[in-house]
Amino acid sequence: MGALRDLLGPADTDGRPTLLGRLVLFCNSQQSARFVDHTLSEEGFATANYHGAIPANERAANYEDFIDNKKHILVTTDLAARGLDQLDVGHVVQFDFAKSAADYVHRCGRTARAGKPGEVTCLVTKHDTDLVRAIRDAQKKGTDLVAAGEAQQKVSKARVATELQVANPYKPGRGGGIDAPSAAFPDSRGISNHEPVEGGRGGARSGRGARGRVGGGRG
């Protein structure tokens, strides 16, 4: 949460982040969204929580509060990555980095819509390194970002499967065997540099990549 606090800055008197203004903040799970929403709310931010575990009427009310500028941070899962066209925000923050390149592109597409500018900032962990690298490389080369991300994820899964097989050479039922170690990743998140996103029409597309940045997309 420290990296997120540094990114947002303190809340102003209306509960708006002083450094970024109104934004959509993406998490990968309902549990993560609840935690972030509660923590930010306790620190004075005007947040609206939006995910599948919230009853439909309450979720709709939270969304309307955000659209009506009563709340200034929409804390959500990928439920809001598609289909919500009235968000009108200049910034998207990925507290949990997207699980796939396709999800990343759709999240980026929530800003820079209808010709307006926007930025996307991603907080990343060691676990996200391979996918982030694949996205950056695709942006630099001007190749299909989603395809590059899917290819990298296949390579990563194959590598993990090989590592687990090497770590656990004994089959269950033959003298007890050994358990394969679980992957250990630090919980701290680093902030990628802001990447401006050009406004546009149509489907989400990746923006320009640059060293030290994770690019945004077109809405």
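A charge is said to sit over a ring if NZ of Lys or CZ of Arg is within 6 Å of the ring centre and within 35 degrees of the ring normal. Keep in mind that this is a predicted model, in which local features need pLDDT of at least 70 and side-chain atom pairs count only at pLDDT 80 or more, while totals for chains, interfaces and linings use all residues. Residues are numbered from 1 along each chain as its sequence is written, and side-chain values use heavy atoms, with hydrogens and water left out.

Select Arg22 and Phe66 to begin: the charged end of Arg22 sits over the ring of Phe66, 4.1 Å from its centre.

Next, select Tyr50 together with Arg59, which lies over the face of Tyr50 at 5.9 Å from the ring centre. Tyr50 is buried (under 20% relative accessible area, with a 1.4 Å probe and protein chains only), because its relative accessibility is 11%.

Rings of Phe, Tyr and Trp (its six-membered ring) pair if their centres lie within 6.5 Å, and planes under 30 degrees apart count as stacked, over 60 as edge-to-face and the rest as tilted. By this rule there are two aromatic pairs. In the one formed by Tyr50 and Tyr63, the centres are 5.9 Å apart and the planes stand at 50 degrees, so the pair is tilted.

Finally, move to Ser100, which counts as buried at 18% relative accessibility. Leaving aside neighbours within four places in sequence, Ser100 is in contact (heavy atoms within 4.5 Å) with Leu131 and Gln153.

Methods. Buried < 20%, exposed > 50% of the residue type's maximum accessible area, 1.4 Å probe, protein only.
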